[in-house]
There are 2 protein chains.
Amino acid sequence: MIVSDQVVSKMAKSENPSKGELTRQMIVAAAAPIFNQKGYEGCSLADLMAATGLQKGGIYRHFSSKEELAAAAFDYNCEVSRSARMALVDQAAPPLERLRQSIAAFVDYRSPVPGGCPILNTAVESDDGNGVLRARASKAVRGWVGRIQAMVQDAIDQGQIRKEVDAKSVATVIVAALEGAAMMNRLERNEYGLRQVQQHLYRYLDSELAPGEK
Amino acid sequence: MIVSDQVVSKMAKSENPSKGELTRQMIVAAAAPIFNQKGYEGCSLADLMAATGLQKGGIYRHFSSKEELAAAAFDYNCEVSRSARMALVDQAAPPLERLRQSIAAFVDYRSPVPGGCPILNTAVESDDGNGVLRARASKAVRGWVGRIQAMVQDAIDQGQIRKEVDAKSVATVIVAALEGAAMMNRLERNEYGLRQVQQHLYRYLDSELAPGEK
């Protein structure tokens, strides 16, 4: 999986991780794409054993429950997706350009984790039941909206977006449209929806939100 | 469940359905909310037996597989959602007003089926695996986009939306934004995202798409 080494090393709590810690990280990295593709319910012990090459006892020595492993796998998937996309955004660019690049990164690159956007997957599966996973997905969405909101606010502060605009509302619309388009992309296996949403959001930034527009 | 009687009667193939046909419909109606809440993988035989009051043999006399039952349940859930929302749209209103009402119906009413939007749920669960369910979800999304597209085209034809607009693209943006907001609504258990998207789409219809705008 792309950038997983980088993420694994980030996840390491120490410079010199113990064998147990490394095994735990390996299990998370191996389980992560399976949970993302099959979902929490759909991911069986046999799947986890096949992916990790470990027996049940070898896996659950490191996790108190399937839920704890799924939660760690979700965080891992989000971090892989986020960092892969963030690498495509020039942090030194003006805020409006960073917004555009963030949208493009989502559309062009999408989630490098097999199975599509982990937030969408986990949100949809956990909304009726699993409180732990739902809390993780909720935190991840809020983090994403918050990052976009900060860019919108920077753009407002620098006069690239007009002052009256509500940064949180704009960020929410951007994230909602991208997530809906990601669902269509996964379902239809083409980029049509993502491209339409990308163009729509570009026009939104360039016209409705632009200074001097009504 | 809301309007289920109406949908059940619509689903009946004949005026005088057989006992077997009625039992089949009852099983679909009883299983539908469970599949929508728990997903295909998460819905167990015990769940289906509890919901229908039937034993395994009594259920699977009418369906060749869990997949066949899940597909019928999905169609049922979509029909319940669609007809409940369609009832909130004045079919005699001008097309731009019908578009607005369709957006409001989604936001205000949302899916009357417990568990949220059946299309979103089924799309996310089936995108990596189940071909039968994925095909149903894909058809449902295309049907929804098609209905919105027809309204946009009517609005273009009646001069309420400017001629250069691509009706399919607009419909795709509307559906994507609503579905993404529905995901946020289910996750956060508040209407903030839906309301922001609603206002955004209203402005989109009234400004960017309006005749006389650039």
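1. Housekeeping: residues count from 1 along each chain as its sequence is written, and chains are lettered from A in the order in which they are written. Since the model is predicted, local features need pLDDT of at least 70 and side-chain atom pairs pLDDT 80 or more, while totals for chains, interfaces and linings use all residues.

2. At the interface, 41 residues of chain B are in contact with 41 of chain A (C-beta atoms, placed from the backbone, within 7 Å). On the chain B side, α2, α7, α8, α9 and α10 each supply at least two residues, and α9(B) gives the most, with 15. Helices here are DSSP runs of H or I, at least four residues, numbered from the N terminus.

3. That chain B side splits into 16 nonpolar, 14 polar and eleven charged residues. Asp, Glu, Lys and Arg count as charged, Ala, Val, Leu, Ile, Met, Phe, Trp, Tyr, Cys and Pro as nonpolar, and the others, Gly among them, as polar.

4. Within chain B, the axes of α5 (residues 66-86) and α7 come within 9 Å and cross at roughly 150° (axes are lines fitted to C-alpha atoms over the stretch in contact, with angles from 0 to 180 degrees between N-to-C directions). That makes α5(B) roughly antiparallel to α7(B), the label for angles over 145 degrees. Phe74(B), Asn77(B), Cys78(B) and Ser81(B) meet Pro118(B), Ile119(B) and Thr122(B).

5. In chain A, α6 (residues 95-109) and α8 (residues 131-157) pack at about 150°, axes 8 Å apart, and are therefore roughly antiparallel too. Their contact has seven nonpolar, one polar and two charged residues.

Methods
Contact = placed C-beta atoms within 7 Å. Parallel < 35°, antiparallel > 145°, perpendicular 65-115°, else oblique.
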